[in-house]
Amino acid sequence: MSTYVYGITTGSHPSLPDGMEGVGEPARQVRIIKEGDLAAVVSDAPEGLRPKRRDLLAHQNVLAETGAAASVLPMRFGSVSPDDEAVAGVLAERADHFKERLEALSGKVEYNVKATHDEEAVLHRVMSENPEVRSLTEANRQAGGGSYDDKLRLGEVVVAAVQHREVEDAAELQRALEPVAAAVSVGPESTGWLANLSFLVERASAEDFIAAVEEVRKAQPHLEVRLHGPLPPYSFVEPGPSEPAETHH
């Protein structure tokens, strides 16, 4: 039977609570596979698993319970291996990598920050900042609205200015929050968001990070900023290109 993997932790991790249940209907018993200095938190994989609310919560709960006692590398929902032997094989093969990541992520959580523009506020901002938009708007107003071509030209200039503002705002958001985070991972571009960023944050300084997000909200009222977390550090299980290079002595 295939094996569902919740996360990877150290072999010395305290044992799991008795009768801990994971994904599936009925819920599968959670168990540990040990290999060398590492351990995988697993259960049997249910057939045809779908990301239903109950199973997503079960996955998160197993990680929360495991992570409460020690550092854990979270696997994303739906991580399935052919069998227990295959899981043990991966633990052995990638032992150095997993140990380095466990150390790097110890005591840290992930916060996801997404931002979008408040449409009306960003248009006001573009009007006040962009001389070309201002002069075209004024010319059209004086011409009683302007011709079709004039309106089209103004529309194109406004769209270009808003897109430029999106790029600037995304970079500014990252610059403002990076100093209070240990690492940043840029998420896939998704429709509707000008920024989708995940930050690795020391659990002990999470309040500083949340305060920095509030500062951005105050300083950039034309931005709508959504903060989601604390989460298991899913985005940092593999070292990202935007993380500082590990220094080896």
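Start by selecting E172 and R165: they form a salt bridge, with the closest N and O atoms 3.9 Å apart. (A salt bridge here is a side-chain nitrogen of Lys or Arg within 4 Å of a carboxyl oxygen of Asp or Glu.) E172 is partly exposed, at 26% relative accessible area, while R165 counts as buried at 10%. For those words, buried means under 20% relative accessible area, exposed over 50%, and partly exposed in between, using a 1.4 Å probe and protein chains only.

A quick note before you move on: this is a predicted model, where local features need pLDDT of at least 70, side-chain atom pairs count only at pLDDT 80 or more, and totals for chains, interfaces and linings use all residues. Residues are numbered from 1 along each chain as its sequence is written, and side-chain values use heavy atoms, leaving out hydrogens and water.

Next, pick E100 and R101, whose side chains meet in a salt bridge at 3.0 Å, N to O. Is R101 buried or exposed? It's buried, with a relative accessible area of 0%, whereas E100 is partly exposed at 23%.

Now jump to R54 and E25, another salt bridge, at 3.6 Å from N to O. R54 is partly exposed at 36%, and E25 is exposed at 66%.
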